[in-house]
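Welcome, and please get your viewer ready. We will go from stop to stop, selecting as we go.

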Amino acid sequence: MGKGGTLSESVVKKILLSYAYVAIWIFLSFTVIVYNKYILDKKLYNWPFPISLTMIHMAFCSSLAFLLVRVLKFVEPVSMSRDLFFSSVVPIGALYSLSLWFSNSAYIYLSVSFIQMLKALMPVAVYSIGVFFKKETFKTESMLNMLSISFGVAVAAYGEARFDTWGVILQLSAVAFEATRLVLIQILLTSKGVTLNPITSLYYVAPCCLVFLFVPWMLVEYPVLKETSSFHFDWVIFGTNSLCAFALNLAVFLLVGKTSALTMNVAGVVKDWLLIAFSWSVIRDTVTPINLIGYGLAFLGVGYYNHSKLQALKAKEAQKKIAQADEEAGRLLEEREAEGQARKSDSP
């Protein structure tokens with residue numbers, strides 16, 4: 001086969017691998033969300049202890065991350081001083097623990113489909129907090145885009161059959177804490193040249209989460225668990241659930257590493273629609289037409305947001321290529337001038 005055919009095969013292989021990474025991430029993200037709902041929902045497994053579940057995940061992820069980083073040397077640990085750890089990683093760990101605690105708590109009160117609709121507010125929260133911390137530039141066009149997403153989510157909330165105010169407060173708080181965490185990663189780590197992949201993130205952040213969650217666990221859930229003498233730790237349920245949560249982090253590592261963060265955002269939209277369909281058809285959650293209209297509007301807003309991000313990335317790459325070309329042209333010009341001067345000095 002000719003060179004063109006080989007190139008075609010390599011391109012097809014790359015595309016197929018990208019789709020495989022996306023499919024693995026969607027499957028694992030889908031599985032973790034449904035599994036957490038199954039464990040926490042009082043009508044299903046009936047173990048409504050979100051802090052305990054989050055702590056089990058963090059203990060499992062901490063152990064496996066330590067094994068991958070320190071024992072198996074799967075990834076290299078990041079060079080980090082004590083001051084950097086306490087000033088940067090610890091606040092991020094605190095926000096992550098709150099985000100996980102509140103998002104898992106929301107499964108007790110809200111349907112899977114409605115939670116996915118509320119999560120569409122993530123770009124709004126990230127942009128707003130980014131503007132507050134001066135990491136994003138305020139633009140009227142961007143703000144109108146955020147308002148359109150918010151309006152869509154508000155319509156979806158209006159049409160929600162199982163609306164629960166406390167559940168909505170928990171999920172919106174989780175979105176706010178997660179958005180703040182993402183912005184602080186840029187401010188506290190990325191700006192200092194520290195880059196953490198999902199494995200090294202878990203290696204540093206998961207133990208912090210475990211420590212932060214211990215106090216609310218002792219105050220809120222431990223007394224109830226202590227009174228429930230009939231409870232026995234189900235190694236199969238919690239073991240497989242924790243393994244899925246850790247595998248999801250590895251899938252993020254693969255997806256972002258082999259494609260891009262933008263691909264994950266787009267894949268996230270597909271996953272949300274699949275979860276809404278699953279929630280309606282299998283779990284038998286009520287999804288109203290107003291729900292779908294509202295989320296459809298939010299979906300269009302999120303789609304436009306992702307499109308804008310893609311255009312911005314393309315423009316940045318184009319500027320980088322122009323700068324590199326200019327630098328190369330300048331270097332060649334300097335070399336030619338140097339050669340010309342050398343010839344003049346050599347001539348009698």
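In which helix does V220 lie? Select V220 and you are in helix 8 (residues 198-227); helices here are DSSP runs of H or I with at least four residues, numbered from the N terminus. Before moving on, note that this is a predicted model, in which local features need pLDDT of at least 70, side-chain atom pairs count only at pLDDT 80 or more, and totals for chains, interfaces and linings use all residues. Residues are numbered from 1 along each chain as its sequence is written, and side-chain values use heavy atoms, with hydrogens and water left out.

V220 has a relative accessible area of 48%, so it is partly exposed (buried is under 20%, exposed over 50%, partly exposed in between, with a 1.4 Å probe and protein chains only).

Next, select S105 in helix 3 (residues 82-109). S105 is buried, at a relative accessible area of 6%. Beyond its neighbours within four places in sequence, S105 is in contact with P50 and L170, contact meaning heavy atoms within 4.5 Å.

Finally, show helix 4 (residues 112-119) with helix 6 (residues 140-158): they pack at an angle of about 160 degrees, and their axes are 9 Å apart. Axes are lines fitted to C-alpha atoms over the stretch in contact, with angles from 0 to 180 degrees between N-to-C directions. Helix 4 and helix 6 are therefore roughly antiparallel (an angle over 145 degrees). To see the contact, pick F114, M117 and L118 of helix 4 and V153, A156 and A157 of helix 6.

Notes
Helix = DSSP H or I, 4+ residues; strand = E, 2+ residues; numbered from the N terminus. Parallel < 35°, antiparallel > 145°, perpendicular 65-115°, else oblique.
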